[in-house]
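Hello,

Please find the structure below, handed over for your own work.

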Amino acid sequence: MADEKCNVVEFKVQGQICQGTLGESLLSALRRHGFEVPSLCFHEAVSSYGACRLCLVEVKKGRRSKLTTSCNYPVQEGLEVQLDTDEVVRHRRIVLQLLLAAAPAAKAVRDLAARYGIEETPFVPRPEEDCIQCGLCIRICEAVGVNALGFAGRGVSKHATTPYEETSAACVGCGACADVCPTGCVKVVDADGFRTIERWHLKVPLTLCKTCGRGFAPEVHLTRMAGQAKLEIAHLANCPKCRGRAFAAEFRLP
Amino acid sequence: MENAELESILASHGHRPSELLATLQDIQGNENWLPRESLAHVAAGLNVPLSRVYGMATFFSSFSLKPRGKHVCTICMGTACHVRGAQRLVEHVEREHGIGPGETTADLRLTLETVNCVGACAMGPLAIIDGEYHGQLSTQTLGRLLKKLKG
Amino acid sequence: METRFHSVADLEAYRRQLQAVRGPDRKIVSVCAGTGCRACGARGLAEVFREEIAKSNLEVELRVTGCQGFCERSPVVVVQPQSIFYQRVKAIDVPEILTETVEKGTAIQRLLYTDSDGRTYEREQDVPFYRHQTRSLLAFNGQIDPDSIDDYIAVGGYAALGKVLQERKPEEIVDLILRSGLRGRGGGGFPAGVKWQSCRKAHAADGIRYILCNGDEGDPGAFMDCALMEGNPHLVLEGMILGAFAIGFPGQPKGYIYVRNEYPLAVERLTRAIEQARRCGLLGKGILGTELDFDILINKGGGAFVCGESTALMASIEGFVGEPRAKHIHTAEQGLFDKPTNLNNVETWANVPLIISRGLEWFTSIGTGDVSKDPWGGSKGTKIFALVGKVNNTGLVEVPMGSTLRHIIWDVGGGPPPGKKFKAVQTGGPSGGCLPESLLDLPVDFDRLTEAGSMMGSGGMIVMDESTCMVDLARYFLHFLADESCGKCVSCREGLAQLCAIVDRICKGEGREGDLELLKDLSTTVQTASLCGLGQTAANPLLSTMRYFEEEYISHIHEHRCSAKVCKTLIRYVIDDSCDGCMACNAQCGTKAIQGGKKARHTIDDSLCTRCGVCMDVCKRNAIHVES
Ligand SMILES: Cc1cc2nc3c(=O)[nH]c(=O)nc-3n(C[C@H](O)[C@H](O)[C@H](O)COP(=O)(O)O)c2cc1C
Ligand code: FES
Ligand code: FES
């Protein structure tokens, strides 16, 4: 039964009783209970989008059952969920074959496919491609309030990009996009005093740490952070490591 | 486009981000395409990210991010026109003017565009040349119509 | 003259006044100026009529109308009171029509419609194309100048609204629509009453409920909604106002019409109609002096098929790109701007005033099944189809639900043109399917078409003969959809791209063993794993052609043959003995593939030929053929 006081709902996964909170995505709830569901476009930090179609499950509500992606399906009282039914696996395998053709250069896709015993795709591959257009970079960029990235085009030519496929004036090179990218197609390279994100045509100077002299973050990024936190930029003059040491020294921490 | 003109378009839509599509349509209505500066202006004016404006401008097929020609020939590629040979009209323009769909001649004289149905399906195949509808076209008639274009 | 109506009585008094002047003997020349007729110069024709009438001292009204349906014979003109129907009228015919027909009442033989057996018909209602139809929605198009609210009021417009506001409760109207069995004309066939009920019941914190009209008409090759919006905009508005009352009163219902970008004339006409309705007190605050407040705004699409999908349409109105979202929470509860929202198609809305003014019994007497207990129990009312392609009488056809394909294509449409043989009919556009000759006796309603692997869709109906290649047609729709997909789901974006790639290679004669199975497997995944209706139905054109025309796929793959002689890499142009060496084709050939001098029989060098077909167009002796 549903707990009347808080927003807890109960549902069944392959017969096992599970709990979730109202508004929670089925995928999160499943993972919290230790169930394995593959996904590439889902990240707890941002809203679900439902692009990769790998998180398919079978849900039964009342008498009707259907296949649905679990990342954008809200948990509900009384659901009955089946995970790897024959049908789910059959479609997931074809989706993996499609992904393997869409981004053969993405190791994450190859690894996941291998787990389903797929080494080759019957479809026409796009050699070299490593992006699956999952949109995580766009969603995180929006979540951090920068909004430098977006989708352009539609249909087969839809792709994540900066406006006009050029350096974006909004991008501060924070690198959050690279952190969430499931295929590693967004690469951040710090070298020779510059941060480069080739995919977004970005090259910005790094601020050098006042203490150790290592380039640690783009100047524009620090300026933006300082502005948001209403801090003097001087407070951000040390790299995180040296800042930690300085702090420890001041308070005589070991 | 003058900034004042742009401003008045933005104002006519109350600077509302929900009217982004209509705002861009009005700009294209004036300019015949969407110049880069105007997209930046819209982003600033509506206080929405340029990435969203660019996404919108590239999602909808009615927008052009390149200048269009003095004359625009739009060939219908809807199903009814397709089964009556619309593809051959497109090939005719490709052959005679060296431009494919979405392209403009180097002298900016003619742009070829395609569209999926304009609601005159019984008259297919059909082309719209500078706003005038021409139904039941053969490649020869189309050729004549395009030759007659002035300037 | 427009007046503001402060009450239902005002409106009715005005109607009586209009009708008194407009007796049945009034002389009217109605010139069709729908988009189809415009493509044949109807606009110019209407101008000539205007000038000539001004020059004469005839007492005759010129009425420039929206699409009257018989586009094949455009421009069409009807002369009242006799209802004399003229077709393919030219500017030079105008003076004669005025002196002979308007003045003397005699018909001009050469302008009348003659059928393929040589029979001539004088009156509009006798022409087989019209006689075999049941025109309840389209009937008004010929009687109304879409820019005149008076014309609409004179034929009984806004009477349903008046009646409802005076005598009925909102719940009663919802119930009436529910019991009428009216099902959505936008493709899905969802019972309108069920939808209205959930939206009315949904919690609306601030009383705002959105009443939307889907005028996106994305099916490329269909123009029913176009004809209604252009030809009778007030009918659509009246339906929406009735819906606003039924669904959103008391409260704050707000309306939007989302119109396809490619229909500039529809936008123009609707805009003017809305302005008139506002001035007359039929839209805005206190409609007809009652407590009902409701206004309608127009949104123009940007040229994207997917924006016809309900959630994408709403995203687009909110100022975002048209990406559909999951509908785990119904739009009836949280739709546009997260408020309860009811979306119906143009034709669905247009049916509403008629159901109210003519009554439940009238409506349920037309169509199939029994809806008295269950609105899903049948398909009621009429349906408008856009009958196009290889058929004699192309145009808009309105018939009772459940009419057979044969009735529509032969009785109304006059069958394929002389010398052509029917091969298939495509219904439902990109989400629909192709049906073969053996299914011609299928009654056309929502459920039967779906069973046969096609769909009612919004009502596109494209007739094809042997010159259409079914594999090429599937290829056409797949490319259309791959292009029009919003591109979010991997299954839809990549799935359609791969379906295109496979069908492309089949059309090039490079099909492989196992391709048909691969197509079937991939199709099922595209249908099952995609988020919205676009992906879920995208494989229909492919699967239905594979189901009914499998042999064509097989001959493409195994024999490298295209029996319809369409697929370019599988065909050759050849010149036969009847060539007299006139050099017409040589001159036109862009790649100099044709050899042979004056008076010498020409030949085509296949390696240079691009199969553009220009030579065939210019050959006067029909000496050039296509082989496969
Ligand atoms: C890809 C796609 C395109 C659609 N296009 C249209 C359209 O152009 N016009 C329309 O009325 N409905 C269209 N629909 C159906 C709408 O989503 C919706 O069901 C309909 O407008 C509801 O109105 P109805 O119940 O009166 O038919 C489309 C659906 C999908 C999935
Ligand atoms: S995680 Fe659900 S679709 Fe990608
Ligand atoms: S298909 Fe060309 S106008 Fe409709």
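**Salt bridges, a surface patch and cysteines**

R272(C) has a relative accessible area of 32% and is therefore partly exposed. Please keep in mind that the model is predicted.

R272(C) takes part in a salt bridge with D147(C), at 2.5 Å from N to O. R272(C) belongs to helix 12 of chain C, while D147(C) sits in the loop between helix 5 and helix 6 of that chain, so this contact ties together parts that are 125 residues apart in sequence.

R272(C) also forms a salt bridge with E268(C), where the closest N and O atoms are 3.1 Å apart. Here the separation is about one helical turn, because R272(C) and E268(C) are four residues apart in helix 12 of chain C. E268(C) is partly exposed, with a relative accessible area of 40%.

D147(C) has another partner: the side chains of D147(C) and R269(C) meet in a salt bridge of 3.9 Å, N to O. This pair links distant parts of the chain, 122 residues apart, with D147(C) in the loop between helix 5 (128–131) and helix 6 (149–154) of chain C and R269(C) in helix 12 (residues 264–279) of chain C.

Over all chains, the structure holds 56 salt bridges. Elsewhere in chain C, a network of salt bridges links R22(C), R26(C), E61(C), R63(C) and D151(C).

There is also a negative surface patch, formed by E513(C), E517(C), D521(C), E550(C) and E551(C). Helix 20 (515–529) and helix 23 (550–558) of chain C are the elements that give two or more residues to this negative patch. D521(C) counts as partly exposed, at 45% relative accessibility.

Now the cysteines. How many disulfides does the structure hold over all chains? The count is zero. For C582(C), the closest cysteine sulfur is in C585(C), at 6.2 Å, which is too far for a bond; the cut-off for a disulfide is 2.5 Å between the sulfur atoms. C582(C) is partly exposed, with a relative accessible area of 43%. In chain B, C117(B) is buried, at a relative accessible area of 2%.

Regards

Definitions and conventions: Residues numbered from 1 in each chain as written. Chains lettered and ligands numbered in written order. Predicted model: local features only at pLDDT ≥ 70, side-chain atom pairs only at ≥ 80, totals over all residues. Heavy atoms only, no water. Patch = residues over 30% accessible without salt bridge, like charges linked within 9 Å, V, L, I, M, F, W, Y side chains within 5 Å. Areas by Shrake-Rupley, 256 points an atom, 1.4 Å probe, with all protein chains shown as cover. Salt bridge = Lys/Arg side-chain N within 4 Å of Asp/Glu carboxyl O. Lys, Arg positive; Asp, Glu negative; His and termini not counted. Charge placed at Lys NZ, Arg CZ, Asp CG, Glu CD. Buried < 20%, exposed > 50% of the residue type's maximum accessible area, 1.4 Å probe, protein only.
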